[in-house]
Amino acid sequence: MERLSLLHLTFIGPSVSPATVEFGPKLTLVRGPSDTGKSYIAKTIDFMLGGKGLDEITELDGYDTVLLGISLPNGENATLSRATQGGGFRLFRGDHRAYPLPVEHEPLSAKHSAKDFKNLSHYLLGKIGLDGKVVRKDGAGRTKSLSLRMLAPLFLVDETKIQARTAPVVTGQHTLRTVEISTFRLLLQGEDDSAIEPGESETEKRRSKVAKHDVIDTLLAELRQQLQTDETLQEVVNRLGRLQATIMESTGTIEQTAAARQQWGHALSNSERLVTAARRSLAELDTLDARFTLLHEQYTSDLARLEAVAEAGSLLGYFTPGTCVFCGAEPEHQHLNEDCADDTTAFAASVREEQRKTTSLREDLLQAIAGLRTDRAEKAQRLHAYTDQAAEARSTIARLDGLLDPQQLELRELISSSSQLERDVETIRRIQRLEALRAEIEAEPKPDAMAPTAGLQRSTVDNLSRMIADRLRAWGFPEADTTSYGFDTQDVVSGGQLRSAHGKGVRAVLHAAFTISLAQYCFDNGLPHPGFVVLDSPLVVYRPPDPDAEPDNSGDVLDTASLAGRFFADVQTNFSGQIIILENEDPPNALETGSRDISFTKNPDRGRYGLFPHNRPALLVHEA
């Protein structure tokens with residue numbers, strides 16, 4: 001499988017000489033007394049793999065950049081560069097350990113992103129075949145993209161973690177347990193969780209249930225406030241039925257009264273139309289009567305004038321034979337039988353004829369006036385009858401209106417009460433539905449949460465468990481035969497006790513055995529793994545600067561010297577990856593050829609003083 005190998009860890013600055021730790025391809029042991037910078041190496045490697053910022057120590061003064069040399073699976077070398085203050089990375093081709101650094105580089109973000117590939121996590125995971133993998137993060141099967149930081153605790157174990165009471169694969173944070181065990185499963189079995197179809201988590205279900213209850217309770221409070229009765233639904237329905245029957249009866253009575261009023265309304269309209277027509281006709285007759293009366297007076301005046309003319313003609317002799325009063329002709333010369341406008345005898349006849357005609361016209365006019373007045377009298381009688389009919393219709397309509405108004409008012413009140421009861425019925429039914437829905441939500445079963453170990457095969461765990469026991473047996477660990485990896489506890493069990501129940505020395509040894517065995521299991525089975533392991537103080541032996549001081553075993557019952565010798569012999573012979581061990585104690589035996597032994601003396605006159613040159617202030621980082 002594709003593996004990475006660390007070449008060196010180097011601190012550089014513009015005005016200081018580089019401080020470098022060079023790693024071998026197999027075992028690298030960095031040993032020496034406390035306060036020489038061994039633990040700072042582990043912390044810096046973690047920092048160069050995307051970890052949080054470095055501790056501020058005075059030894060860093062003048063150093064502004066950290067370089068981590070890496071051998072890639074394809075045989076090429078690369079160098080990661082990061083400012084000591086943190087931030088992103090710069091990736092250089094080749095192995096670089098001092099200024100000046102090449103101009104050409106690839107920027108990489110320190111933060112993992114499943115969408116943006118320009119980050120350190122994507123780059124390194126891609127080199128070992130784990131890029132794009134996803135792991136389950138909760139019981140609902142929701143997943144998240146695998147990051148290098150999730151994987152780091154399984155191959156890089158600092159002094160605090162190796163002695164901690166928490167299980168090797170977890171940090172102790174409950175919310176991270178599933179994702180941590182899923183990451184362990186990915187290494188152990190080479191399977192990610194991309195095939196899982198996520199469901200609703202228990203937390204989401206609980207939040208959803210609480211949210212639904214809040215909404216329903218709010219609606220119920222609003223509905224109960226709208227409710228105008230304390231009666232049960234059946235009581236309200238019964239009362240509504242009786243009220244609707246009353247409304248139907250009242251409606252029937254009103255309809256009858258309204259129908260009668262409508263009929264009388266038609267009658268009133270017809271009577272008023274007839275009254276109007278009669279009045280118009282009487283007005284026309286009165287107009288004719290007035291005109292006929294004026295004409296009668298005219299005829300009478302004309303007859304009076306004609307009578308006066310006749311009397312004046314007789315008195316003046318206009319109508320007696322003799323000398324013509326007009327032309328003076330004697331009777332014998334007068335032409336009495338000829339038409340003549342001035343003929344006195346013809347004039348008298350004309351007056352008489354005119355009197356006769358006028359008298360005849362006046363008599364005809366009198367007959368017409370008499371007929372007109374007779375007709376008017378008849379129409380006046382009909383007008384009176386029409387007026388009486390209209391008055392009766394108005395009186396009847398007023399009486400019916402007097403009946404309708406209270407009936408309609410009562411009906412409106414009944415309808416209003418009915419509407420309120422209908423709203424109450426609907427409100428009660430909605431309340432019942434909401435209460436039933438709330439009960440259903442309350443009774444909903446919890447979602448079937450997947451256990452954190454779901455998908456983890458017991459047979460695979462058993463194989464790893466046997467490998468851990470074999471390695472401890474090779475180290476001469478007293479309880480090796482009773483040591484196993486607990487599937488349910490996800491912790492190493494030794495001597496019938498969980499690892500957390502032992503002292504810190506035993507906890508460190510068991511954690512080291514787990515981490516080394518997990519890596520070797522991946523190598524043996526062709527599974528992805530970074531290819532290297534970093535262990536800080538796996539043997540937990542504090543060696544003070546005074547060589548006469550007694551070692552502090554903190555209650556451990558191990559023969560450390562014997563176990564240490566077997567430990568180093570085993571990792572040099574039976575571990576096929578790269579391993580970097582940071583320890584206080586010198587190994588009982590010299591390391592084999594090919595292993596790199598770096599000794600910090602904390603003595604300015606002998607060997608290498610520490611991680612940083614001696615002429616720098618003392619370290620602030622303290623080791624056990």
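Okay, let's start with lysine 602, which is partly exposed at 28% relative accessibility; buried would be under 20% relative accessible area, exposed over 50%, and partly exposed sits in between, with a 1.4 Å probe and protein chains only. Lysine 602 is in the segment after β16 (596-599), and it has a positive phi of about 55° without being a glycine.

Quick housekeeping: this is a predicted model, so local features need pLDDT of at least 70, side-chain atom pairs count only at pLDDT 80 or more, and totals for chains, interfaces and linings use all residues. Residues are numbered from 1 along each chain as its sequence is written, and side-chain values use heavy atoms, with hydrogens and water left out.

Back to the backbone. Most residues other than glycine have a negative phi, and most peptide bonds are trans. Serine 537 is another non-glycine with a positive phi, about 60°. Is serine 537 buried or exposed? It counts as buried, at 2% relative accessibility. You'll find serine 537 in the loop between β14 (532-536) and α11 (560-574); helices (H or I, at least four residues) and strands (E, at least two) are DSSP runs, numbered from the N terminus.

Then there's a cis peptide bond between tyrosine 99 and proline 100, with omega about 0°. Proline 100 belongs to the loop between β6 (89-93) and β7 (106-108).

And β7 takes us to the sheet. It's open, with 6 strands in the order β2-β1-β4-β5-β6-β7 and antiparallel pairing, where two strands pair if DSSP finds at least two bridges between them. At the edges are β2 (16-22) and β7, each pairing on one side only. On average, neighbouring strands are turned by 25° against each other, direction ignored. α1 packs on this sheet, touching β1, β2, β4, β5 (77-83) and β6, and its direction makes about 95° with that of β1. Contact there means heavy atoms within 4.5 Å; axes are lines fitted to C-alpha atoms, for helices over the stretch in contact, and angles run from 0 to 180 degrees between N-to-C directions.

Last stop, the largest pocket. Which element gives the most to its lining? That's α1, with 5 residues. A pocket here is an open set of points on a 1 Å grid where a 1.4 Å probe fits, with protein on both sides within 12 Å along at least five of seven lines, and lining residues have an atom within 4 Å of a point. The lining has 26 residues, with Lys43, Asp46, Lys52, Arg149 and Asp158 nearest the centre.
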